[in-house]
Amino acid sequence: MTLRKVDRFTGALAVLASLFIIAPMVALLTKVPWRFFVHDLTQVQSRQAIALAMWTSLLAALICVVFGVPLAWVLARGNARITNVLRPIVLAPIVLPPTVAGIALLALFGRDGLLGKYLYHATGWSLPFTSIAVVVTGVFVGMPFLALIVESNFRHIPKDLEDAAVTDRASKREVFSLVAMPQIRNGIATGAVLAWARALGEFGATMMFAGSLPGRTQTWAMQVYIEMDSNMGTAYSLSAVMLVIAVAVVFALRKPLTQAFSS
Amino acid sequence: MLSLLFVFTFLAMTPQGSAASKNTITVFAASSLADSFTYLGKAFEKSHPGTTVQFSFLASPTLATQINAGAPADVFVSASGKDIQNASSRVPYYVGYVFNRVVLAVPVKNPFKITRIRGLNTPGVKWIQCAHEVPCGVAADAALASDGSVTSKPVSLEPKAAGVIAKLLLGEVDAAIVYHTDVVKNRKALKEIVFTDRLASSTRYAIGLVNDTKQKSLAAAFMDYVQTPKAILYLRRSGFGVIS
């Protein structure tokens, strides 16, 4: 049916584009040493890295929801003069190189950082090299994805629904939390899953800001990098699971994602 | 219009591309050599007019992996013999080169007043070293094991030597096990405490030609150049060790 609508040349380009993306993923799967697959994933370093990456990214996603949903509401309904400036700034990490994110987080939270300086002088404690730093990095890179998706969902809520609530003497806060938020439960879930996946995969910024210590800051993605130099097979096994997660996430979210990006 | 663009791009690329590859060699070198080899590369270009030396400075195991995967390198200088052996599919022969040793480095301010290796045990001290997989980490592990006094654990195992020194200079940690050459380069900011076991704390660099290089003579000339007495003297001043 769709075939009839697409001319051959355009179709051929599309096939090439798809192959370009699919081929490396298939190649990765062919390199996985399946005989050692279970062993590779269950050895201590892998288990530690996977466990750490999972809990830090889930916590990051939760924080993204708690603060990102209100942010998205402001972006959707706030004063346009402010939101037009605020939006590009808070969404920038989506396209920011991870190394820049890492150095920016150090500039703020490092021992000599804008905020970290005072924290360190007052308490002798600093954020870098802690698991919390991994979470903070995840929030920084994940929040924009949640805000982007959730804002778009808020914009799709029919205005008259909110108007009706206001006529019924609902407060502004009630419109947000009792009317708008329940309407877009799926959208929030979509944003949360995207933020989680982004936090789970972060590597460059984490390495610069949180360092790399097994069990504390050495995440799944970082383990792939480290294993590449010592045991390529393990790197392939760890990567394969990440690939499956990525495809599964996008597959599960295919409907809400297409909805969010069509207005 | 579009095809014209293609033709122009093609024309613009071809001569330049071949000219560049004719007199350009690519050297894969351990990240701890970044400063001295950048200097030696410049000096080599000066003494061989018309040539260009490109570098890729990364952790030695990473470079070995890349070379095995077919990376376009002409010369490989690793921070240990083990890593160059791991690249033996394309670097079958190599010679031992200069030495480096790891030391415990602290900022000149030294907030925890660390003056001995066991100072790392002071409560509250944050210290880092290289990951166990890379040469500076192997040397750090051996040096610490031989010393035997340190019971505390590093807060991070950095994937490459350059990352360790960067975090120490940034002030994110109170101490770090780094190469002696890093301290020499930053002598105004850092002090060093040496390990008594010099053998355990040392690593020997190795240099070899990539066997399928298309620049055999130029690459060989570069290898000879970095082993001339003049180059060795420069490396020695930078803190590297040599057998005299």
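Among contacts in chain B between residues at least 6 apart in sequence, 76% join residues at least 24 apart; two residues are in contact if their C-beta atoms, placed from the backbone, lie within 7 Å. The model is predicted: local features need pLDDT of at least 70, side-chain atom pairs count only at pLDDT 80 or more, and totals for chains, interfaces and linings use all residues. Residues are numbered from 1 along each chain as its sequence is written, while chains are lettered from A and ligands numbered from 1 in the order in which they are written.

Chain B holds 9 helices and 9 strands. Helices (H or I, at least four residues) and strands (E, at least two) are DSSP runs, numbered from the N terminus. Along the principal axes, the C-alpha atoms of chain B fill a box of roughly 70 × 50 × 35 Å. Chain B has 244 residues, of which 46% count as buried. A residue is buried if 20 or more other C-beta atoms lie within 10 Å of its own, exposed if 12 or fewer, and partly exposed in between; these C-beta atoms are placed from the backbone.

Two domains are assigned in chain B: domain 1 (2-99 + 204-237) and domain 2 (100-193). Such bounds come from an automatic or database domain assignment. Taken over C-alpha atoms, the centres of domain 1 of chain B and domain 2 of chain B are 29 Å apart. Contact between them involves 15 residues of domain 1 of chain B and 14 residues of domain 2 of chain B. On the domain 1 side, helix 2 (34-47), helix 3 (60-68) and strand 4 (95-107) of chain B each supply at least two residues. That side of domain 1 of chain B divides into 9 nonpolar, 4 polar and 2 charged residues. Here Ala, Val, Leu, Ile, Met, Phe, Trp, Tyr, Cys and Pro count as nonpolar, Asp, Glu, Lys and Arg as charged, and the others, Gly among them, as polar.

Chain B also touches chain A. The contact takes 17 residues from chain B and 17 residues from chain A. Helix 3 and strand 6 (156-158) of chain B each give at least two residues to the chain B side. By class, the side of chain B that touches chain A has 8 nonpolar, 5 polar and 4 charged residues.

Chain A is likewise assigned domains: domain 1 (1-31) and domain 2 (38-261). The C-alpha centres of domain 1 of chain A and domain 2 of chain A are 30 Å apart. In chain A, 4 residues of domain 1 are in contact with 4 residues of domain 2. The domain 1 side of this contact in chain A has 3 nonpolar, no polar and 1 charged residues.

Helix pairs were then examined in chain A. The axes of helix 13 (residues 220-230) and helix 14 (residues 232-252) of chain A come within 7 Å and cross at roughly 155 degrees. Axes are lines fitted to C-alpha atoms, for helices over the stretch in contact, and angles run from 0 to 180 degrees between N-to-C directions. Helix 13 and helix 14 of chain A are therefore roughly antiparallel to each other. Angles under 35 degrees count as roughly parallel, over 145 as roughly antiparallel, 65 to 115 as roughly perpendicular and the rest as oblique. Residues making the contact include A:Trp220 and A:Met228 of helix 13 of chain A, and A:Leu238 and A:Met242 of helix 14 of chain A. The contact residues of helix 13 and helix 14 of chain A divide into 7 nonpolar, 3 polar and 1 charged.

The axes of helix 11 (residues 185-201) and helix 15 (residues 254-261) of chain A come within 10 Å and cross at roughly 105 degrees. Helix 11 of chain A is therefore roughly perpendicular to helix 15 of chain A. A:Asn186, A:Gly187 and A:Thr190 of helix 11 of chain A meet A:Pro256, A:Leu257 and A:Ala260 of helix 15 of chain A. This contact has 3 nonpolar, 3 polar and no charged residues.

Single residues complete the description. A:Phe129 is not a glycine, yet its phi is positive, near 70 degrees. A:Phe129 lies in the loop between helix 7 (116-123) and helix 8 (131-156) of chain A. A:Phe129 counts as buried because it has 23 C-beta neighbours inside 10 Å. B:Asn110, also not a glycine, has a positive phi of about 45 degrees. B:Asn110 sits in the loop between strand 4 and strand 5 (127-130) of chain B. With 14 C-beta neighbours inside 10 Å, B:Asn110 counts as partly exposed.
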